Each structure stands twice: as C-alpha cells, then as structure tokens.
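Student: I'm new to this one. Can we look at it together and work out what the terms mean?

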Amino acid sequence: MPTAVFEGRGCVLDMDEFWVSMGRRALIVTGKTSGYKSGALEDVCDVLDKNGICYCIFDSVKNNPTVENAYEAGLLAREFSADFVVGIGGGSPLDAAKAAAVYGSNPELEPYEIYDGAEDNPLPVVEIPTTAGTGSEVTQYSVLTVESRKTKVTVKGDWLFPKAAFLDPRYTKSLPPNVALHTALDAMSHAVESVLKRNNSYISEPIALGALEIIGRNLPELQNFPCDDDVRAELLHAAMLAGMAIAHTGTTIVHSMGYVFTYFKDMPHGMANGVLLPKFVEFAEKAVPEQTEKIYKALGISSSDEFACMIRNTGLEHPVVSEDEAVEFAKIAITNKNVPTAPWKVTAEEEAEIMLWR
Ligand SMILES: [Fe+2]
C-alpha cells in the first residue's frame with residue numbers, strides 16, 4: 001500500500017514540506033463543481049501559492065470521464081510541464097487525474113494505448129476526495145468510459161497508486177444528500193464485493209469488514225446529511241479503507257453490471273451498485289454463507305432480507321429497469337472478464353435477476 005494517507009480538518013494546509021517535495025509545477029484536475037464548492041480547490045491553491053508552486057487548473061472532467069477527456073488533461077500536463085498532478089473531486093476527477101498523469105509523462109502514448117498494461121511511469125499524483133465513496137485515492141485503478149465498447153474499462157497498474165491522499169471531512173459537507181448516499185453505497189459495494197470475491201485474503205478481509213462496520217453504523221445518519229464533521233470523517237475513512245480492500249482484491253460482478261447500468265440508464269455509479277447489491281448478496285448467501293455471515297455481523301444484521309431492508313431504508317430511488325432491458329444488459333455484463341471472480345458460477349439469467357431487484 002504505497003499511498004500516504006493524511007486525514008483530518010485542514011490536513012491539506014498543514015503539509016508544506018510534503019507539497020514542496022512534490023515539485024515546482026502542478027496540474028490540478030477537477031470537475032466543474034465539487035472542487036470549487038467544497039473549498040478543496042481553494043485550499044490547494046492557497047497551499048501551492050504559499051509554497052511558491054506554480055499551477056494550472058483543468059476543470060473540465062466530465063462525469064464518468066471518457067479516455068479522450070482524460071487525454072485532454074494529460075496534454076495540458078505536458079504543455080504546462082507539470083511535475084505532479086493533483087486530483088480533486090469524486091471518482092471521476094480522481095480517476096481522470098491518474099490517467100492524465102500517465103499521458104503527461106508519455107508523449108508518445110496514444111489515448112487508447114493506456115490499456116496496453118505497460119508500465120508508463122506517470123507523474124506523481126495527489127488525490128483529494130470530495131465524496132466518501134470512490135476509494136480511488138488509494139487504488140491503482142483508473143476507470144474510464146470507452147464509447148466504442150459502450151461501457152467503462154479499468155486501467156490497472158501499480159504505477160497508478162497515488163503518492164498521497166488527503167481526507168478532510170470539510171470537503172464532503174457541500175455534497176447534495178443523494179450524492180452522499182450514492183457514494184456511501186459505492187464504498188459499501190467495494191467492501192462487500194471484496195469480502196465475497198474469490199481472491200479475498202487475510203489482509204483484505206479485515207480492512208473491508210472494518211469499512212463495513214463504519215458504514216453500517218453511519219448509513220442511517222445520511223438521512224440528516226450533511227450530518228456533523230465526525231460522521232463525514234468516519235465515512236471518508238471507511239471509503240478509503242474499502243478502497244484499500246479493492247486495491248488488494250478488485251471488485252466483482254456488482255461493479256461490472258453497474259457499469260452497464262451507468263452507460264445505458266445514466267445511473268450514477270453508486271446508485272447502480274446500491275440497486276444491484278441486495279440480490280447479489282442473496283445469491284452469495286447460498287454460495288458462501290460463511291462469508292456473507294461476516295458481512296452481516298459487521299453491518300449489525302443477520303440475513304440477506306435485513307440487508308435488502310437496510311438498502312431500502314436509505315430511501316434509495318432508482319429508474320425502472322424493464323425485463324427486456326435486464327436481459328440485454330446481462331448479455332453485455334456477463335462478458336466482463338471479472339465474471340469468474342464472483343463467489344459462484346454466475347449465469348446471464350442470474351445477472352438479469354440481480355438487475356431487476358426493487
Ligand atoms: Fe465503485
């Protein structure tokens with residue numbers, strides 16, 4: 001786990017030596033809203049100014065960024081001769097920042113060559129989440145949308161681990177409540193999938209269960225979002241832990257089905273995972289009851305029915321998926337290379353059934 005994690009109010013501003021050690025020129029990668037609204041961008045600009053570090057801002061990261069969108073940020077990193085990249089925002093800017101860092105230091109790399117798996121020696125990346133969900137701040141993954149494949153594809157490599165992550169609960173206060181819920185469900189999904197995945201280990205499991213214990217305890221609090229700083233600090237911490245767990249194991253079929261939902265139904269990533277989790281857990285309960293038992297215990301519940309209740313009680317709303325759509329989506333999702341990592345030998349029919357949970 002090579003990423004240094006700094007947590008607490010004002011942590012970005014307290015680390016002059018760290019920022020100076022990163023270099024003299026920074027590219028900041030963010031979206032149109034959360035970096036500005038959260039105060040994170042202002043803090044980063046302040047600390048860079050204070051330490052005489054030049055920066056330029058790429059604030060055009062789209063939701064579910066495409067390869068081309070990340071490449072655009074990479075071109076700017078190159079033009080600006082950035083020494084390092086700072087990603088600020090939810091999963092989209094954090095993932096785009098990692099890809100921009102690869103393009104920024106590899107002028108010969110064509111946009112789609114990022115999937116070739118070669119070690120690309122990217123610029124160092126600092127990640128500052130403004131949502132408590134993605135975990136991208138501590139993983140070696142960058143998830144980008146590929147239009148030609150009609151889904152998202154994960155770029156993966158140890159060289160993508162950020163150098164550092166800064167978790168400040170002040171930055172999640174301005175989130176819309178539904179985004180806070182969706183991102184919490186994303187973190188929950190990372191932890192649940194990690195525990196149920198076939199390569200779950202003695203290292204990843206306690207980390208994932210630790211995340212679930214915190215999420216289970218704080219999920220009802222999200223009804224009163226923005227809650228207080230302590231609750232949001234705990235959720236940021238849990239999302240980071242769940243990120244560490246999937247840095248070891250990766251995610252499994254909830255995420256690959258969710259990518260299809262996001263592409264075709266425009267469902268936010270966390271909402272898609274939240275919708276898919278209950279039926280997935282119900283199937284998993286039959287296949288690997290000893291593993292689902294651990295999940296239930298961490299969440300303070302005792303069955304898949306209670307798990308489904310827990311998700312329903314969050315007030316999660318989602319668009320209707322028709323039976324025909326589910327059958328079509330499952331045909332795509334079942335081709336994902338992570339399908340064999342599921343805790344049972346999953347079929348397209350079962351994936352369609354998981355997609356139809358309401
Ligand atoms: Fe996710």
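This is a predicted model: local features need pLDDT of at least 70, side-chain atom pairs count only at pLDDT 80 or more; totals for chains, interfaces and linings use all residues.

Student: Which residues is G243 in contact with, leaving aside its neighbours within four places in sequence?

Tutor: They are G135, S136, E137, V138, T139 and H190. As for A191, its C-alpha atom is 7.9 Å from that of G243, though the two are 52 residues apart along the chain.

Student: Why is G243 called buried?

Tutor: A residue is buried if 20 or more other C-beta atoms lie within 10 Å of its own, exposed if 12 or fewer, and partly exposed in between. G243 has 29 within 10 Å, so it counts as buried.

Student: What makes the stretch around G243 a helix?

Tutor: Helices are DSSP runs of H or I with at least four residues, strands are runs of E with at least two, and both are numbered from the N terminus. G243 sits in helix α8, residues 229–249.

Student: How do you know that β5 and β8 pair?

Tutor: Two strands pair if DSSP finds at least two bridges between them. Strands β5 (residues 125–129) and β8 (residues 164–167) have two bridges, in the parallel sense. V126 stands opposite A164 in β8.

Definitions and conventions: Residues are numbered from 1 along each chain as its sequence is written. Two residues are in contact if their C-beta atoms, placed from the backbone, lie within 7 Å.
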